[in-house]
Amino acid sequence: MKLLIIKLSSLGDVVQTLPSLTLLKKYFPSSQIDWIVDERNAEILKDHPYINKLIIFSKDTLFSFQKFFRFLKNLRSEKYDAVIDYQGLFKSGIITGLAKTKYKIGFSNHREGSPFFYNFKLPPYDKNLHAVKRYLILTKKVIEILGKFEYLELFEEIPDPIFSSDILNKNLEFIRKPYIVFIPSARWKTKWWLFSYWERLIELCKETAENFDIFITGSFSDLELKSWAQEIERKYPYVYSLVGKLSLRELSILIKNSKAVVSVDTGPMHIASAFKKPTIAFFGPTSPERTGPWAGNYKIFKSSLPCSPCFKKKCKDWKCMAKIKPEEVKKTLDELLS
């Protein structure tokens with residue numbers, strides 16, 4: 001059995017697809033499973049025990065003849081029993097259409113015309129269903145299509161994601177004591193919690209810092225975050241900025257070994273879920289029902305404003321995020337750490 005997963009991005013979506021990979025391997029243990037992923041997220045899947053081959057798709061693949069030809073040659077070097085489009089966008093639809101396979105599978109309400117490229121379209125999914133469960137429904141249907149008809153019961157539990165042994169077994173050398181991870185940024189600025197609120201939370205953590213360090217993480221491209229985090233690091237001896245200093249694999253290891261994670265709605269929050277870490281997650285413009293934490297011990301702080309969730313990437317003010325108060329977060333953090 002040869003299967004191809006198409007899930008390019010984002011980081012959170014890739015992590016949320018890992019339980020589906022576990023389920024596929026459970027029902028087809030001797031299968032060869034390949035995965036097409038964006039090069040920015042490939043590191044988290046590298047050397048995965050369930051993945052036979054990673055096929056890298058860069059953001060300019062479709063706009064470079066040489067890169068597209070190499071990608072296409074790699075893609076069509078295998079004939080698959082099924083290709084599963086978990087992405088559901090135009091570019092993933094094109095890839096699905098170009099693959100050699102008997103079944104090209106996706107939901108009929110996938111976006112950007114991607115269903116045009118499927119020869120097996122599943123009924124529309126519920127847009128308010130959590131992404132992990134949505135992917136698992138797609139996986140369940142694939143399992144049934146490929147002959148495992150006994151798998152007709154509804155799943156109750158989300159299968160545990162698996163990571164490479166390099167992530168699972170390694171530790172970061174600079175760690176000196178137990179620690180908490182703060183994740184202040186996301187690609188959408190509307191998801192950010194106010195810097196003044198983060199600092200207030202850090203001030204409230206003065207006694208907590210007797211037992212726990214605090215690490216602030218984020219992308220090297222977030223210059224505003226980097227500048228703020230460096231200032232906070234200078235101001236508070238128990239805070240350390242790792243903004244722009246970690247690879248994706250190192251970030252995964254950092255989260256895996258943490259005692260708790262406090263995060264906005266972003267990819268690393270889903271890594272925390274995958275490792276079942278105690279997590280506090282903030283939601284304003286997005287919906288925790290769709291993309292919230294999904295495993296382990298977690299607490300969601302969500303705005304009660306009628307305009308939330310609006311799913312807007314731009315907003316004149318951040319009233320929804322400003323409704324989440326540091327004092328309430330600190331109280332919950334103490335509960336998680338205890």
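Is Ser-164 buried or exposed, and what is the relative accessible area of this residue? In this predicted model, Ser-164 is buried, with a relative accessible area of 1%. Because a residue counts as buried when this value is under 20%, Ser-164 falls within that class. The residue is found in the loop that runs between α4 (131-145) and α5 (165-169). Neighbours within four places in sequence aside, the contacts of Ser-164 are Lys-46, Asp-47, His-48, Pro-49 and Arg-249.

The chain is built with 12 helices and 12 strands. Its C-alpha trace spans about 60 × 45 × 45 Å along the principal axes. A compact globule of 338 residues would have a radius of gyration near 20 Å, and the chain, with 21 Å, agrees with this. Of the 338 residues, 55% count as buried. The accessible surface comes to about 16000 Å², and carbon and sulfur atoms hold 52% of it. Contacts can also be sorted by how far apart their partners lie in sequence. Among contacts with a separation of 6 or more, 64% join residues 24 or more positions apart.

The interior comes next. In soluble globular proteins, nonpolar side chains tend to be buried together. The largest nonpolar core here has 55 residues, and the members that touch the most others are Leu-24, Trp-35 and Ile-44. Apart from this core lies another, of 37 residues, which includes Phe-182, Tyr-236, Val-262 and Phe-282. For Ile-44, the contacts beyond four places in sequence are Leu-11, Val-14, Val-15, Phe-163, Ile-167, Leu-248, Ser-252 and Ile-271.

A pair of aromatic rings is described by the distance of the centres and the angle of the planes. Across the whole structure, 20 aromatic pairs are found. One of them joins Trp-198 and Phe-282 in a tilted arrangement, at 5.7 Å centre to centre and with 55 degrees between the planes. Trp-198 belongs to helix α6 (residues 195-204) and Phe-282 to strand β11, so this pair ties together parts that are 84 residues apart in sequence. Both Trp-198 and Phe-282 are buried.

Phe-282 also pairs with Phe-301, this time edge-to-face, with 6.2 Å between the centres and 70 degrees between the planes. Here strand β11, which holds Phe-282, is linked to strand β12 (residues 298-302), which holds Phe-301, across 19 residues. Phe-301 is buried, as is Phe-282. What cluster do these rings belong to? Phe-182, Trp-193, Tyr-197, Trp-198, Phe-282 and Phe-301 form one aromatic cluster.

Charged groups meet aromatic rings as well. Lys-299 lies over the face of Phe-301, at 5.7 Å from the ring centre. The charged end of Lys-191 sits over the ring of Trp-188, 4.8 Å from the centre of that ring.

Note on methods. Residues numbered from 1 in each chain as written. Predicted model: local features only at pLDDT ≥ 70, side-chain atom pairs only at ≥ 80, totals over all residues. Heavy atoms only, no water. Core = buried A, V, L, I, M, F, W, Y, C linked by side-chain atoms within 4.5 Å. Buried < 20%, exposed > 50% of the residue type's maximum accessible area, 1.4 Å probe, protein only. Contact = heavy atoms within 4.5 Å. Phe/Tyr/Trp six-rings, centres within 6.5 Å; stacked < 30°, edge-to-face > 60°. Helix = DSSP H or I, 4+ residues; strand = E, 2+ residues; numbered from the N terminus. Lys NZ or Arg CZ within 6 Å of the ring centre and 35° of its normal. Rg over C-alpha atoms; globule rule 2.2 N^0.38 Å. Areas by Shrake-Rupley, 256 points an atom, 1.4 Å probe, with all protein chains shown as cover.
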